[in-house]
Amino acid sequence: MNAVEIKGLTKVYGDNFALQDFSLNISRGQVCGLIGPNGAGKTTAMSILATLLAPDGGTAFVCGHDVMQEQAMVRRLIGYMPDFFGVYDGLKATEYLDFYAAAYRIPMADRNRLTQDLLELVNLSEKANSYVDLLSRGMKQRLAMARCLVHNPEVLILDEPASGLDPRARAEMKEVIRHLRRMNKTILISSHILPELAEMCDSIAILEQGRLVAHGMVDEVTAARQGTRTLKVEVAERLNELLEVLMMKPGVVSVDGDAGWARVAFRGSKAAQGQMLREIMEQGWTVIEYAEIKGNLEDAFMAMTGEGE
Ligand SMILES: Nc1ncnc2c1ncn2[C@@H]1O[C@H](COP(=O)(O)OP(=O)(O)OP(=O)(O)O)[C@@H](O)[C@H]1O
């Protein structure tokens with residue numbers, strides 16, 4: 001049985017598909033990186049898995065339990081770290097963890113040891129008596145990570161745990177995640193920072209506009225992406241309409257718009273690339289620039305997920 005089984009998940013807001021027929025399996029003990037640009041649907045997928053949001057279609061199971069039908073069970077099995085969270089003023093780090101441990105009904109006699117162990121795990125022991133609102137951002141993120149571990153969950157759902165951290169704080173966060181991996185936790189972790197995720201993940205799933213565009217072991221996805229080129233298509237007018245048209249063209253993997261130009265992830269022959277240019281010109285666009293954005297693999301990944309320039 002997979003630790004996470006997502007099948008055909010769909011979530012619609014008005015006429016915007018936050019998730020469209022999204023399927024993903026994660027085996028036990030695996031670390032899966034969920035990559036995508038802003039608005040791709042990562043938080044939506046994670047909120048559904050965390051039982052906090054109902055999908056409009058599809059199913060999701062955590063260790064065989066249905067997130068819609070067996071919410072209490074699923075909540076015991078998961079540790080969820082949201083992308084935004086608050087900390088309480090006037091609580092020290094130990095009190096903060098103790099509060100959450102009490103909420104999970106951990107016996108009082110065990111809580112002292114538990115909070116100490118968790119603080120050690122996230123390398124915050126020396127801040128045990130510091131007020132949480134006075135901790136640095138990186139420390140708060142690590143404390144939040146400790147918080148989602150109080151009930152020793154099987155599966156961790158970490159929504160951009162490294163966002164906004166400086167390189168040193170990111171490295172510390174990575175170390176914590178490596179440690180959790182060694183503890184055989186199943187982890188779904190989202191990020192914009194693919195190279196960092198690739199290092200610590202077994203598999204990678206790439207979401208674009210609510211759809212899964214690639215999924216596999218890190219090496220497989222990396223190899224498959226090597227055949228993908230990023231094209232710059234600059235037009236004089238009607239960019240938004242062009243984005244929609246391009247999305248329908250053969251070979252186009254994803255599209256997003258920038259200041260006056262479209263960034264197109266394209267997989268296909270040079271002839272197909274030329275054909276695409278001919279078609280958009282025939283459809284009335286004045287194309288100012290049509291060029292391949294060169295870069296290394298990491299740049300290509302970043303471009304694919306809307307982060308590259
Ligand atoms: N409550 C909501 N009401 C309306 N639209 C929403 C709501 N929540 C999310 N969306 C839309 O759903 C899409 C997916 O959003 P989501 O937050 O899941 O993306 P994301 O990949 O987590 O992005 P980010 O990297 O910015 O956190 C976006 O287009 C977003 O605007």
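This is a predicted model: local features need pLDDT of at least 70, side-chain atom pairs count only at pLDDT 80 or more; totals for chains, interfaces and linings use all residues.
How many bridges join strand S4, residues 57–62, to S5? Two, and the strands run antiparallel.

Within the pairing, Val 62 stands opposite His 65 in S5. The sheet around it is open and has four strands, in the order S2-S1-S4-S5, with antiparallel pairing. S2 and S5, the latter covering 65–66, are the edge strands, and each has a single partner, so one side of each has no neighbour in the sheet.

Next, the helix. H1 lies across S1, S2 and S4. Relative to S1, which is residues 4–13, H1 runs at about 120°.

Now the ligand. The residues surrounding the ligand include Tyr 13, Asn 16 and Ala 18, then Gly 36, and then Asn 38, Gly 39, Ala 40 and Gly 41. Lys 42, Thr 43, Thr 44 and Asp 83 are also part of that shell. The elements giving two or more residues to the shell are S2, at 16–26, and H1, at 42–49. H1 gives the most, with three residues. If you sort the shell by class, you get seven polar residues, three nonpolar and two charged.

So much for the ligand; last, the chain as a whole. The protein chain is divided into two parts: domain 1 spans 4–223 and domain 2 spans 227–304. Their C-alpha centres are 34 Å apart.

Key. Residues are numbered from 1 along each chain as its sequence is written. A residue is near a molecule or strand if its C-beta atom, placed from the backbone, lies within 6 Å of it. Ala, Val, Leu, Ile, Met, Phe, Trp, Tyr, Cys and Pro count as nonpolar, Asp, Glu, Lys and Arg as charged, and the others, Gly among them, as polar. Domain bounds come from an automatic or database domain assignment. Two strands pair if DSSP finds at least two bridges between them. Two residues are in contact if their C-beta atoms, placed from the backbone, lie within 7 Å. Axes are lines fitted to C-alpha atoms, for helices over the stretch in contact, and angles run from 0 to 180 degrees between N-to-C directions.
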